[in-house]
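Notebook open. I wanted to look up how this chain divides up, what sits where the parts meet, and a couple of local spots.

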Amino acid sequence: MSVHSLKEWNDLAAQIKPSRQMFVNGRFEDAASGKTFDTINPATGEVIAAIAEGDSVDIDRAVTAARNSFDRGVWSEEAPMNRKAVLLKLAELIRSNLDELALLDSMDMGKTVEDAATVDVPGSALFFQWYAEAIDKIYDEVAPTGPGDLALITREPLGVVGAVVPWNFPLDMATWKAAAALAAGNSVVLKPAEQSPLSALRLAELAMEAGLPEGVLNVVPGYGETAGRALGLHQDVDCLAFTGSTPVGKMFQQYAGQSNMKQVWLETGGKSPNLIFADCDNLEAAADMAAFGIFFNQGEVCSANSRLLVERSIHQDFVQMLIARAENFQPGNPLDPSSKMGAIVSQEQYDRILKMIASGKKDADCVTGGNAIKIDNRGLYVEPTIFDNVQCGSEIETDEIFGPVLSVIPFDTEEEAVEIANNTIYGLAASLWTGNLSRAHRVSRKLKAGTVSVNTVDALSPMTPFGGFKQSGVGRDLSLHALDKYTALKTTWIKY
Ligand code: NAD
């Protein structure tokens, strides 16, 4: 059932007044330079707002505010039970502002408001709730020394955490970093993507309303090459948690080496395989989920199942099943609850997707889609597109497209399927479909991916770690393991 009708969403959108300034030390402020940049709704081409454009001066102000709050102990030295109360309140506030947050993300980056309201915003509330509930149930350790000594092993918050995040799930990507880092007692400087700064600014405001002390969560919108780089190079940032593309992730490793050797954690790109074996019990479900796995969120998903490997005996029939399902994902007005795909985030990303589609048309069979379209004569929309008989090593097979474009590759044997699946620089996620339990175990062990989903796609929860092998990243978001990124182990040895 839909959250609202199109008319209701349109009426709510007309009332939205997004924050335009950066959020530093508990206050909204202009950039020191006075500069702004436009954030644009890709579904309409209209400017939503002129946003304060942070640069190195603003990043420095935000880091100073974060450091002062950390050193004062207003959050870092609070009992975990008290931090829990504030973060639970924030989760509640996210839920009670669901419509507004969903609209901000939908208008900012083109996703359907229905997805934002049923997936992104409830997810953000759940992630804050999960870390809030976890943080006062984690005990430190006492080492097994002999009598006369007491060695304590404690987890200490790191200090100032810089977080740089992408535009595909603006609120959720900010939350994945902030929820774990804040629960552990750190202060945070968050730089949202320039394409989608609005929900992060609202999140900071809600965090203050929940009782987070000033300076503990700061949000500086701005460009990667200026604000992002300044955060990566800052001498007083203890840890940098990044989600985005692999080339930019590598830059953050360099920034750390050029500055203070801050810890760098990376969640980067993917080209995830989805393996369909002929012994799958439910090919209808496999086709439903294969379509969802590539077309959800316009294919702008790091773990999108963009390479579909199908056993040759069922290949032709399965492709026909997929073509039928692609019809259900035709793009539409993101505010219309019947739309299953929205607009592509930006002109740059739209051009890149169309360039990759043109490359695919030279190398493989485009069996459905392959075109840009307009809705009501405007907007950046791309049809759900499927290429069949894609050659291994061709551009659309190797490169992350980050759009609604699926590459289908037939295979003959299990060994061949595993080899093709692993033949990539990435290792974020993989899926496989089989009714054979031994094969499920055998193949999932061989797949080099941070998450392997068996008889489903994109399995994800706050309970389980998420992150990549190979060039898909370093470290894990979600689960208690994410706390390892935001804490350092301290040994205190007492002789008595
Ligand atoms: P991007 O790497 O271009 O940008 C991500 C962030 O980095 C943005 O905030 C941007 O402003 C900043 N940035 C860009 N250039 C920078 C520079 N030179 N120095 C410092 N900061 C810089 O990625 P994107 O286009 O926003 O997002 C898409 C990418 O994100 C895809 O590759 C996708 O796979 C990846 N992603 C990964 C995950 C994951 O969990 N592994 C999740 C979502 C998205």
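**Two domains and what lies between**

I started with the C-alpha centres of domain 1 and domain 2, which lie 30 Å apart. The bounds come from an automatic or database domain assignment: domain 1 is 6-268 + 472-492, and domain 2 is 273-463.

Before going on, I noted that this is a predicted model, where local features need pLDDT of at least 70, side-chain atom pairs count only at pLDDT 80 or more, and totals for chains, interfaces and linings use all residues. Residues are numbered from 1 along each chain as its sequence is written, and side-chain values use heavy atoms, with hydrogens and water left out.

Next I looked up the contacts (heavy atoms within 4.5 Å). I got 33 residues of domain 1 touching 33 residues of domain 2. The buried area, meaning the accessible area (1.4 Å probe) that two parts lose on being put together, summed over both, is about 2,700 Å² here, and carbon and sulfur atoms give 63% of it.

How many salt bridges are there between domain 1 and domain 2? With a side-chain nitrogen of Lys or Arg required within 4 Å of a carboxyl oxygen of Asp or Glu, I have 1.

From domain 1, the elements that give two or more residues to the side touching domain 2 are helices H1 (6-15), H4 (98-109) and H5 (113-135). Helices (H or I, at least four residues) and strands (E, at least two) are DSSP runs, numbered from the N terminus. H5 gives the most to that side of domain 1, with 7 residues.

**Helix H8**

I then went to H8 (residues 224-233), whose buried residues are Ala227, Gly228, Ala230, Leu231 and Gly232. Buried means under 20% relative accessible area, exposed over 50%, partly exposed in between (1.4 Å probe, protein chains only). Their cover includes helices H2 (56-72) and H9 (246-258), along with strands S7 (160-164), S8 (187-191) and S10 (239-243).

**Isoleucine 494**

Last stop was isoleucine 494, found in strand S24 (residues 487-495). Its relative accessible area is 35%, so I logged isoleucine 494 as partly exposed. Beyond its neighbours within four places in sequence, isoleucine 494 is in contact with Gly148, Asp149 and Leu150.
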